Structures are given as structure tokens and as C-alpha cells.
Number of protein chains: 2
Amino acid sequence: MKTALYAPPHTETAQQLAPRLGRSPEWVVDRTGVVERRISDESMAVLGARAACEALQGTAPDLIVNASLTPIQLIPDSSVFIQRELGLEGIPSFSIHATCLSFLVGLQACGALIQAGSFRRILLVSAEQGSVCRDLSEPESAALIGDGAAAAVLERAPTDSDSALLGFAMRTYPAGAAHTELRGCGTRRHPNDPRTRPTDNLFQMNGPRIYRMAYSHADEVLDDAFAQAGLSRGEVDLVVPHQASGPMLKAIPRFGFPEHKVIDLISTYGNCIAASIPMALATAQQQGRLSRGDTVLLFGTGAGLSLAAMILRF
Amino acid sequence: MKTALYAPPHTETAQQLAPRLGRSPEWVVDRTGVVERRISDESMAVLGARAACEALQGTAPDLIVNASLTPIQLIPDSSVFIQRELGLEGIPSFSIHATCLSFLVGLQACGALIQAGSFRRILLVSAEQGSVCRDLSEPESAALIGDGAAAAVLERAPTDSDSALLGFAMRTYPAGAAHTELRGCGTRRHPNDPRTRPTDNLFQMNGPRIYRMAYSHADEVLDDAFAQAGLSRGEVDLVVPHQASGPMLKAIPRFGFPEHKVIDLISTYGNCIAASIPMALATAQQQGRLSRGDTVLLFGTGAGLSLAAMILRF
């Protein structure tokens, strides 16, 4: 799996954002762990295509899967715009949407499509311009969100390699549906409905409730994935979590994964929604923290509320 | 594959709709082929859950995939609301979005996930309340859209069965991205941006351009799928096309499939977007036009512009 990330050049610091939220920079950093994040005035398709170009290294994909939350528009789906930015034409394209877990779900589905022989080189892109949907009147979630993109190129592992997907577990709990919402942009609170309020079109998050619910279900999901892999938690070389928030990342060692094995980018990029996990994976590759044969845990939460864990031999 | 459809009870006739479009009922029927369509005041999750309940026949799925266009809201994705309507909790859920081709793409991805052993009983749901996004000032597309839902329950074929996915081909052409659009509900024309116009939040379609582009690429996609299946077009028992429009359905015999093999529901249901193909498939099953062992072609177009063809031994 070749990965690449693209971080838009404009940095917004806690110092710059705090006055717009009516909070101090210290409050922003303490609550969210985000010292700075990138803000893009370019669309997610442009960000995604930059990451994709680097991951593709001149090769052509035979399938493009967009695995992102924030779309450019409702129709067509964003995979079409990513393909257009790449200057391609005729490549089958579609989108997978599981909010912050879109990349993990995409990886699972694309892995199965390659195993089934349906495709040979799949471009999986997660790119977010979520800053457009920040609700500045909700400081905690607004301070978390950052823009960014990452891409992975997936091919069948060479026959002499033991790279493999060892386990995948996911749970979705509709009881937590209201904990993370963007209530607009659909039929329920349609933009043209006069009852739709501006805040309906922005991210709403109840951090403490997500934290509690995720915490209470995490062991079950991890146990399922590790049982499939036939491994214990101690055998993991690297943990690549969704960069949900500083407090969420700080809780990971309590599940048996020491801090030095955890990729933590929250202070520099914030929560880049679906792009968080692949940006962390690409960073680990770039920094030489991930070598072929390593056992890697990808793990995170998403709106739903969903939790998912994937164990890879890289 | 068990299928079921749910058609909301309220029927809107061409007679009733025509005055709202400033056209005659004859114009509506001539241009679109839609004599009547169903209009729902219930959400796509309710429609989808009704179809799903019937398809599940009391069994529990281990994965729920929503393959629909019109979401209830941007976050969480609609699979969560379908699961909630079904009274379930904890089942992994996500969405696939390829506009009108979402069900076909979902079938291909779910088939691979079952083949890989990742899941055993997948509930695939396409449900649309697209009527909310009709632009009455664009009579041709507004007259096409109808509401409806269908679901399929996918399991590994029994060992004594020769049911199989024989071929799948898809092409996406971003050059046709502007032919079918809903420009709003994303970052480009965000609902809170004062420059976003009400029509940006409604379906826009250029029927003649879609028709020409689809027509010019159809043979390539069909040839690819039939080559994979090792079959000729004459060996197909049944054609289940996307119910795009009367003219699109009338063109199918020109590609070598006689009219009596084509499932055509356009006059009674209109274009139910992603639900069209599975509603046609479920109708064929209900009417006894589809038996185990039959060779079936699923075929359609979607925004992108995309074309896809799947050949199944049912």
C-alpha cells in the first residue's frame, strides 16, 4: 500500500482561532489538543488529487473510491471531481461514507474487491474541507476540525509478501446518532425549507457523550478484531488511530497500547475527519515508523456512533 | 438474493403534476414515460426499513449498507437511520454513493465482502425520497422523479447452486459531470453561503446530453461485462435496467435486448434514483419473471456521468 498526504499550506493557530470562539488559546489547546490546523480555500477534490498524484507515482488506477465526509455537492459524488482533478476520464468511481471511519471502511471494501479479482489498482482517497462546516458558536467541535487529505494505492500483495488484512471489526450504535450530527444538507432539514436554521448546516458534536459511549464499546470491537487476527494487543507494533481529539488520543494507552506506539498528529493537524487515519498512516510511513511486516492497528470512531478496528500486516 | 420493494401509498398522476410544471399531462407522459409516481412524506429510512424488513424475513444482518442518493442529513450517513428504523443496534453500517448506480456498485462491493468471508448476511438498501429535491421550474427532470425503496439480502450461494456474479463493468466520465447535478448541500454552494440559490439545492438534469453520452459509451461497457461473463448478449434471460426515463428504456432493444426481456416500471413508479434497479429486480422476482439459474443483466447510468453493467446467474 502506497500512501501520501497533502496538507494545505495555510496554518491557523489556536491564538488566531480562539478570539473567534470567545475562548482563550489555552482553552482551545487544553480542551482539544489542537495547537494549529490547516485551513483550505481549495475544494476537497483538489486536496485529494494532490495526495492521490503522489501516491499513484505516475501509475493509473482502475477504480477510484472517495472515502470522505464533506462533499463538494450532493450530485455527482465527490469521486467524480477527484477523477476530474487528476485529469482522468473513464475510470469507475464511487464514494463510501462512514463519516470519520470512511477510510477504514473503504480499505476493507477495496481489499475485498482486489481479493475477488475485480480490480487491480484501487485509488482510495480521503479529503476534507470540513472547515466550511465549522460552527463557531460551538467552540469545542469548531476548535477540533482541520482540513487535509490523504490517499492510498491498493494492489494485491506480491506472492512473496506476507502483507495481509488480519482482522476487521465494526459496530454502529444508532442510540448515539445525535452525538455527532450535521442535520442539514438532506431531506430532513432541506436548505430550501424555511424551518432549516443556519446551525443545522454545521457540525454539532457532543464530545463527552461520544467519549463515554466509545469508551464503553471499545474493548468489544478490539477483542473481535484481535480474535480474527489471532494476536494479542501486545503484539501490535504501531497504532494509527482516528485523530478524534486530544482526550480521545490520551485514552488509547488505557486499552493496552503504550503511548510510544501511537501516531498522534492532533496538535498539528486537528481532526481532519475521514482524512485523519490515512494522514496518520502516511506520516508513519514518511517518518520510517512503519516497515513491511509490521503489525498495525487502525482504530477509530465515527458518527453513528460507530467504532471500527482493523489489524494489518503491513 | 432475497429482494423486496416498498412503494409509498400516495400516487401522484401526470394529471395532478402537470399544472404545477406548466405543462399538459400529455407532455409529461410523452417526454418522460411517467404516467404516475409515488410521493412519500416519510423519510428514506422509513421506506428503506419497510423494504428491508420484508427482505430479511426475520433474520438479522451482520452488515447494513445504504446505497441511496438522497440522504436524510449529511451526518450520520443514512445507514444509521435505516438501522434505527429496523430497531437494531450494533450492526456495522455505512453508505455507498454512486447516484443512480449505488445499488449496482453496492452489490459488487458486498459480493466481494461475502466472497472474502468478511460478512455472511448483508442487507443492501436503496431508498429515495427524491421528490423533496424536485425543481418544478425544470419540468423534464421534475416529472421523472418518484419515491420508493427496495432491499436485498445477500448471502453466499449454497454449494449446490451455480448462482454467481459473472461480470461487472463500469465507466465514469467527469466530462459529463454537469449533465446531472445537485450543486448544493456541500462545500461548493453551502446552504449558509448567501450566493447559494434555491435551485442549487434541487435536481438539475440535461436529459438529451445524458442520453447522447450514455448511448455512445454503452456498447463498450456492455462488451466488457459480457467478455468477463463469457456470454453473448443473446444469452441474457432478463434485463433489469435503471428506470432513467421512457426514452432511455425504449433505446435498450437497440443494444440487442428484445423488449419482452426488459423490466419497465417507468410508467408506474418514474425514476426512483438508486432504488430503481432493485425495485425492478424485486418486481421481476414477485412476478415470477426471474427464476434461479436465469442470466440477468443489470444495467444503468448515473451522475458522473457513469455507466455500469452487471451480469448475474441468479
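Guide: Let us begin with pLDDT, the predictor's confidence in each residue, which runs from 0 to 100. This is a predicted model, in which local features need pLDDT of at least 70, side-chain atom pairs count only at pLDDT 80 or more, and totals for chains, interfaces and linings use all residues. Residues are numbered from 1 along each chain as its sequence is written, and chains are lettered from A in the order in which they are written.

Visitor: How do you know what confidence the predictor has in chain A?

Guide: On that scale from 0 to 100, the mean pLDDT of chain A is 96, and 100% of its residues reach 70 or more.

Visitor: What makes residues of chain A and chain B count as in contact, and how many does each chain give?

Guide: Two residues are in contact if their C-beta atoms, placed from the backbone, lie within 7 Å; by that rule, chain A gives 60 residues and chain B gives 60 residues. On the side of chain A that touches chain B, α5(A) gives the most, with six residues.

Visitor: Why are β5(A) and β5(B) called paired strands?

Guide: Strands (E, at least two residues) and helices (H or I, at least four) are DSSP runs, numbered from the N terminus. Two strands pair if DSSP finds at least two bridges between them; three bridges join β5(A) to β5(B), residues 93–97 of chain B, so the two count as paired, and they run antiparallel. Within this pairing, His97(A) has Ser95(B) as its bridge partner.

Visitor: What makes domain 1 and domain 2 of chain A separate domains?

Guide: Domain bounds come from an automatic or database domain assignment, and this divides chain A into domain 1 (2–155) and domain 2 (164–313). Their centres, taken over C-alpha atoms, are separated by 14 Å.
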